[in-house]
Amino acid sequence: MSALPKSLPPLSAMIERFVVPYLERPWPLDPEALFGRRAPLTLEIGFGNGAFLADQALRHPERDHLGIEIAWGSVDFLLRRAWREDLHNLRILRLDARFVLESLLPANAFERVWVNHPDPWPKERHHGRRLIQRPFLEALQAVMAPGARLTIATDHADYAVWIGRELEAQPWFVSELETTEVPELPDHVVTKYQRKAREQGIGNHFFVWKKIAPDAPARPRQEVPPVPNVTFDGAYGDADLLAGFEPNRIVELHEGVEVVVGMERAWRAADGGSWMVECLVKEGAHSQQVGLIVVRGEKGRLAVKTSSIGHPRGTWGVKRAVRRLASIIAARNPELALVSSNVGDIGT
């Protein structure tokens, strides 16, 4: 493959090349479709500036490398390097790691996993936010192949004690070393945080553990759902449809997951023929910023559905948001008659 030019293209081109469009693909994701080949898979959770992940991709072109990171600055930095060095075997998911592990990745797929310097959340009242805990380890082992290696690194002594206790108390992994942790790893690529710790005289802690649990159950395939929509027929006034709209919020449980739907504000289009409502849908660890639109459809009928902006996925929570907005409109305009709905009964 010929090298790409050193000059950077538009950001959209880099995103299209390296960032996984997870909302537009079936779940769990198909690694072979993402990378265009079948190869051993590695995963880094929280890749920071991306130097370690990029180095792995360069050193091991025979493997495919997936990185998870929520911070846009980190993603942007890695995108630039990935483009300049033509890292065809690297892909990025900009998401919360818990959601990725629980919903997006196939079972038993990854042979190597790294967690380099997760946030130690040093204050005791914040310890519940620490990444390395039993639920995380349980979700992680499900996407790792039996015998796969997990490497965790930290320079925070108290967090190292915490990590050691969590690892020793779980049933899915055993240490590959004679001890729970070691202060150095031969041939380990030194990260920015490890170098900084050494310069300050702070020790590093490395955990190298192997999955001993058997294969996790295969995850059922979820196709991309249809666009949630509700259609009404009848007379209504465009200007009054959502005039005086007030923010509202609902919280419900769906299959044991807390779902929050928050509608912030409504705008009327300049031509007066449509409305958009800004909405946040949070389902467990998965959040989507969604635009709900109210437009005139065929035969002058009123359609309530999701906007294509951001390519929202029609999850249960997004369907609930469309149903909620349709219910608000129906209550304000009793002369409207329901024609169709793929989001359930209108009324709540």
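Trainee: On what basis are residues numbered and features reported here?
Mentor: Residues are numbered from 1 along each chain as its sequence is written. In this predicted model local features need pLDDT of at least 70 and side-chain atom pairs count only at pLDDT 80 or more, while totals for chains, interfaces and linings use all residues; side-chain values use heavy atoms, leaving out hydrogens and water.

Trainee: How many helices and strands does the protein chain have?
Mentor: Helices (H or I, at least four residues) and strands (E, at least two) are DSSP runs, numbered from the N terminus. Counted in this way, the secondary structure of the protein chain comes to nine helices and 14 strands.

Trainee: What share of the residues of the protein chain is buried?
Mentor: A residue is buried under 20% relative accessible area, exposed over 50% and partly exposed in between, with a 1.4 Å probe and protein chains only. The protein chain has 348 residues, and the share that counts as buried is 47%.

Trainee: Which strands stand at the edges of the open sheet of seven strands?
Mentor: Two strands pair if DSSP finds at least two bridges between them. The order in this open sheet is β3-β2-β1-β4-β5-β7-β6, with mixed pairing. Each edge strand has a single partner, so one side of it is left without a neighbour in the sheet; these strands are β3 (90-93) and β6 (173-175).

Trainee: What is the average twist from one strand to the next in that sheet?
Mentor: Axes are lines fitted to C-alpha atoms, for helices over the stretch in contact, and angles run from 0 to 180 degrees between N-to-C directions. From one strand to the next, the twist averages 20°.

Trainee: At what angle does helix α7 run to β7?
Mentor: Helix α7 (residues 157-169) lies across β5 (144-154) and β7 (205-211). The angle between α7 and β7 is about 15°.

Trainee: Which residue takes a positive phi in the hairpin of β9 and β10?
Mentor: Strands β9 (residues 248-254) and β10 (residues 257-268) run antiparallel, joined by seven bridges. I250 stands opposite V261 in β10. The hairpin has two residues between the strands, and the residue with a positive phi near 50° is E255.

Trainee: Which residue takes a positive phi in the hairpin of β10 and β11?
Mentor: Nine bridges pair β10 with strand β11 (residues 274-283) in the antiparallel sense. The bridge partner of M263 in β11 is C279. With five residues between the strands, this hairpin has a positive phi near 80° at G272.

Trainee: Which residues does a cis peptide bond join?
Mentor: Most residues other than glycine have a negative phi, and most peptide bonds are trans. P28 is found in the loop between α1 (11-18) and α2 (31-35). The cis bond, with omega of about -5°, joins W27 and P28.

Trainee: Is D86 buried or exposed?
Mentor: D86 lies in the loop between α4 (72-84) and β3. Although D86 is not a glycine, it has a positive phi of about 50°. With a relative accessible area of 11%, D86 is buried.

Trainee: What is the relative accessible area of W121?
Mentor: W121 is found in the loop between β4 (110-116) and α6 (134-143). W121 is not a glycine, yet has a positive phi of about 40°. This residue, W121, is partly exposed, with a relative accessible area of 26%.

Technical notes: Contact = heavy atoms within 4.5 Å.
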